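Subject: Structure for your review

Dear colleague,

Please find below the structure that I am handing over to you. My notes on it follow directly after.

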Amino acid sequence: MADPQDAAGWRTSRPARWAWAALCAVAVFAPVALVSLFVSSSTFSGATFRPWKPRMIDLDVYRKAGEAVLTGGNPYALEGLPFLYPPFAAVVFVPLALVPPVVMQVGWVLLNAAALLGILHHLGMRGWRLSLVACVVTWAVMPVAHTLSFGQLGTFLVYLVVRDLVPRRPAPGAGEDPHPTRRHAGWLTGLATALKLSPGLFIVHLVVVGRRRAALVAIGTILLTMVIGFVVMPQAALDFWLRLVTGGDALDGQRIFYYTNQSVSGTATRVLGNTGAVRIGALVVSAVVAVVALLAARRWHRRGEQALAICLVGVGTLIAAPASWMHHFVWIVPLAVVLWRNTAVPDWFRLGCWAWCAWVAASPFLELPTGGDTELSYSTYQNLLAGIGTVAGIALLVAALVCRPRIDARYTAPMSTTNGDHA
């Protein structure tokens, strides 16, 4: 008969703890993975789960870009949908071209599920609650579902920034550390910006709040990825960056007013027309929105609410970008979770933010007609339905800038921005 002490020792041994942790991780991940696989192959018309036949059109573009890098081609001269990301992203997508399409698709969906779990875990969720919330978000939040169905990388970008800049909550109900101590903070944000340019606003945020070391790390990461892009495909990289510096627009002007573009530019061109003057005016308004987001984020950062500050910058990247398709709005997930546990914001602001998150999650404007430039002839009601999310997002940022925080017991004096992150 085995010695009870030996049995107890086995249960507390390192291999046993690792085995138990692995079992728990599988139990948490498996339901989310199954829901993600189903959603990714059943959201769009014509896609099926059995047999496996998704319609991941954006993932196909990433794969073609990776193939172009392998064959010495130009990822910015693809047939069909264009590749709009920086050259480093094309290099990162090379592995997609080395595996069968089914492996690529299933692997991409599983990595998305892991990234969503990573976001929620970083914000303090654990165990069965983590798995349940991730399943509900995957099933019911339209931007997340469409990110999976298109094969987009939005969830990865949100995870990189949250993991990099948001203080980690060690357990449910625990307060966040107002002074992050990650020694190399900034490099994941730089990596996110190297994959897609819009997260670059977070680097500006780091400068505004005085986190100069993190900002320099992020900029250094971007410069390194630019070098990699020039080494791997010099001409394509030169063309991309020259077009960007000279103000070239990679977006097709006939697509900017498409009804799922929920940015200032998308709403303006639908309501006022797709003219040059309207688009320039929309860019000016977008710049103002970005400034408002940065000022609001700085205000809450100084209150010690760094998680909320990062989410506000995330909202700013969505509203101010020239094109923010509905599946880009994954930022509503961390925003809703952060507000759930936040005791510093007034109730009216919390409820207003949740209402906006619910609107974006449901995306009722998807019932509007589209195709054949229909958006340019929308009625007043249709324009209101298509644009209320944009207007409400701007109102959210303005409210965050002007609303008065509650007195929080965690902070008895204005917090210094000196957190060891300065160069």
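Leaving aside its neighbours within four places in sequence, Asn383 is in contact (heavy atoms within 4.5 Å) with Arg270, Val271 and Tyr378. Asn383 belongs to helix H18, residues 380–402; helices (H or I, at least four residues) and strands (E, at least two) are DSSP runs, numbered from the N terminus. With a relative accessible area of 15%, Asn383 is buried. Here buried means under 20% relative accessible area, exposed over 50%, and partly exposed in between, with a 1.4 Å probe and protein chains only.

Please note that this is a predicted model: local features need pLDDT of at least 70, side-chain atom pairs count only at pLDDT 80 or more, and totals for chains, interfaces and linings use all residues. Residues are numbered from 1 along each chain as its sequence is written, and side-chain values use heavy atoms, with hydrogens and water left out.

Overall picture

The protein has 18 helices and zero strands. Of its 423 residues, 52% count as buried. Among contacts between residues at least 6 apart in sequence, 73% join residues at least 24 apart. The protein exposes about 19,500 Å², of which carbon and sulfur atoms supply 68%; accessible areas come from the Shrake-Rupley method with a 1.4 Å probe, and for residues only the protein chains shown count as cover.

Covered and exposed nonpolar residues

Helix H16 (residues 332–340) is mostly covered, with seven of its nine residues buried. These are Ile332, Val333, Pro334, Leu335, Val337, Val338 and Leu339.

A nonpolar patch on the surface is formed by Leu224, Val227, Ile228, Val231 and Val232, with about 430 Å² of accessible area together. Patches are made of residues with over 30% relative accessible area and no salt bridge; like charges are joined within 9 Å, and nonpolar side chains (Val, Leu, Ile, Met, Phe, Trp, Tyr) within 5 Å. Leu224 is found in helix H11, residues 212–232, and is exposed, at 53% relative accessible area.

Aromatic rings

Rings of Phe, Tyr and Trp (its six-membered ring) are taken to pair if their centres lie within 6.5 Å; planes under 30 degrees apart count as stacked, over 60 as edge-to-face and the rest as tilted. By this rule there are 21 aromatic pairs. In one of them, the rings of Phe83 and Phe93 have centres 6.2 Å apart and planes at 85°, so the pair is edge-to-face. Phe83 lies in the loop between helix H3 (57–71) and helix H4 (87–92), and Phe93 in the loop between H4 and helix H5 (101–122), so the pair ties together parts that are 10 residues apart in sequence. Phe83 is buried at 2% relative accessibility, and Phe93 is buried at 4%.

Ring pairs also link Phe83 and Phe93 into a cluster with Tyr62, Tyr76, Tyr85, Trp108, Phe156, Phe240 and Trp241. Arg243 lies over the face of Tyr76, at 5.7 Å from the ring centre; a charge sits over a ring if NZ of Lys or CZ of Arg is within 6 Å of the ring centre and within 35 degrees of the ring normal.

Salt bridges

Side chains of opposite charge can pair when their charged atoms come close. The structure holds two salt bridges, each defined by a side-chain nitrogen of Lys or Arg within 4 Å of a carboxyl oxygen of Asp or Glu.

- Arg63 pairs with Glu67, the closest N and O atoms being 3.7 Å apart. The two are separated by about one helical turn because they are four residues apart in helix H3. Arg63 is buried at 14% relative accessibility, whereas Glu67 is partly exposed at 33%.
- Asp347 pairs with Arg350 at 2.7 Å, N to O. They are three residues apart in helix H17 (residues 347–362), and so separated by about one helical turn. Asp347 is partly exposed at 39%, whereas Arg350 is buried at 10%.

Backbone points

A cis peptide bond, with omega about -5°, joins Arg50 and Pro51. Pro51 lies in the loop between helix H2 (14–40) and H3.

Ser363 is buried at 3%, whereas Asp373 is partly exposed at 38%.

Yours sincerely
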